[in-house]
Amino acid sequence: MKLYSLSVLHKGSTKANLLKAAYDLSSFSFFQRSSVQEFMTFTSALIVERSALGSRASVKEQEYLCHVYVRNDNLGGVVIADSEYPSRVCFTLLDKVLDEFSRQVNSIDWPSGSPATVQYTALDSHLAKYQNPREADAMTKVQAELDETKIILHSTMESLLERGEKLDDLVQKSEHLGNQSKAFYKTAETTRQKQHIMKSQIA
């Protein structure tokens with residue numbers, strides 16, 4: 001079980017603004033890490049942009065699950081985990097982080113803040129602590145509340161997009177991604193398509 005990233009964002013009228021993020025990319029090769037981090041930033045922003053206020057959702061993207069919570073005050077959080085990590089614990093973590101963040105960082109700074117300007121330092125320690133899901137056991141009250149909350153599960157990233165939109169096009173237009181990361185995505189996507197074709201031929 002693994003958590004890869006934890007992000008706090010502000011959902012604006014047209015786009016999401018990254019306020020703070022923490023990453024654990026130790027399971028990726030050194031040369032892949034910068035591209036993987038850019039993709040996690042891109043994916044987190046895209047999911048917050050496409051999520052309604054007051055909603056919680058889990059979005060499957062390849063072997064990862066992206067868990068998002070966007071509060072009614074436009075503050076959003078995203079955890080990217082492997083598919084084995086319990087989703088309930090991810091939402092407990094998001095509740096805790098967003099509550100703490102909103103108490104420490106004035107809401108007037110959310111629309112224009114950035115990771116460099118926002119004074120909130122707890123994300124790295126939360127990401128490290130929650131690598132072990134048992135750490136969330138103390139927050140049973142929050143877990144009980146979450147059990148009563150409807151969490152939408154999206155089977156693919158594409159299911160979040162508007163009709164006619166393609167993830168490939170959004171990747172190419174993204175400001176979050178450098179050319180190296182876009183090339184990395186294209187290579188990974190081509191490999192994935194070939195594997196899918198081979199599997200269907202074997203079947």
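**Close-up views of a predicted model**

A search of the whole structure finds zero disulfides (a disulfide is a pair of cysteine sulfur atoms within 2.5 Å). This is a predicted model: local features need pLDDT of at least 70, side-chain atom pairs count only at pLDDT 80 or more, and totals for chains, interfaces and linings use all residues. Residues are numbered from 1 along each chain as its sequence is written, and side-chain values use heavy atoms, without hydrogens and water.

**View 1. Cys66 and Cys90.** Cys66 is buried, at 1% relative accessible area. Cys90 is buried too, at 1%. Buried means under 20% relative accessible area, exposed over 50%, and partly exposed in between (1.4 Å probe, protein chains only).

**View 2. The largest nonpolar core.** This core has 26 residues. A nonpolar core is a set of buried Ala, Val, Leu, Ile, Met, Phe, Trp, Tyr and Cys residues joined through side-chain atoms within 4.5 Å. Leu3, Leu6, Val8, Val79, Phe101 and Tyr120 touch the most other members. The largest share, eight residues, comes from α2.

**View 3. Around Val79.** Which residues does Val79 touch, not counting those up to four places away in sequence? They are Leu3, Ser5, Leu6, Leu65, Cys66, His67, Cys90, Leu93 and Leu94. Contact means heavy atoms within 4.5 Å.

**View 4. Tyr69 in its strand.** Tyr69 is found in strand β4 (residues 64–70). Strands (E, at least two residues) and helices (H or I, at least four) are DSSP runs, numbered from the N terminus. Tyr69 counts as buried, at 14% relative accessibility. Beyond its neighbours within four places in sequence, Tyr69 contacts residues including Ser55, Arg56, Leu94 and Leu98. Tyr69 and Gly54 are 15 residues apart in sequence and 7.4 Å apart in space, C-alpha to C-alpha.
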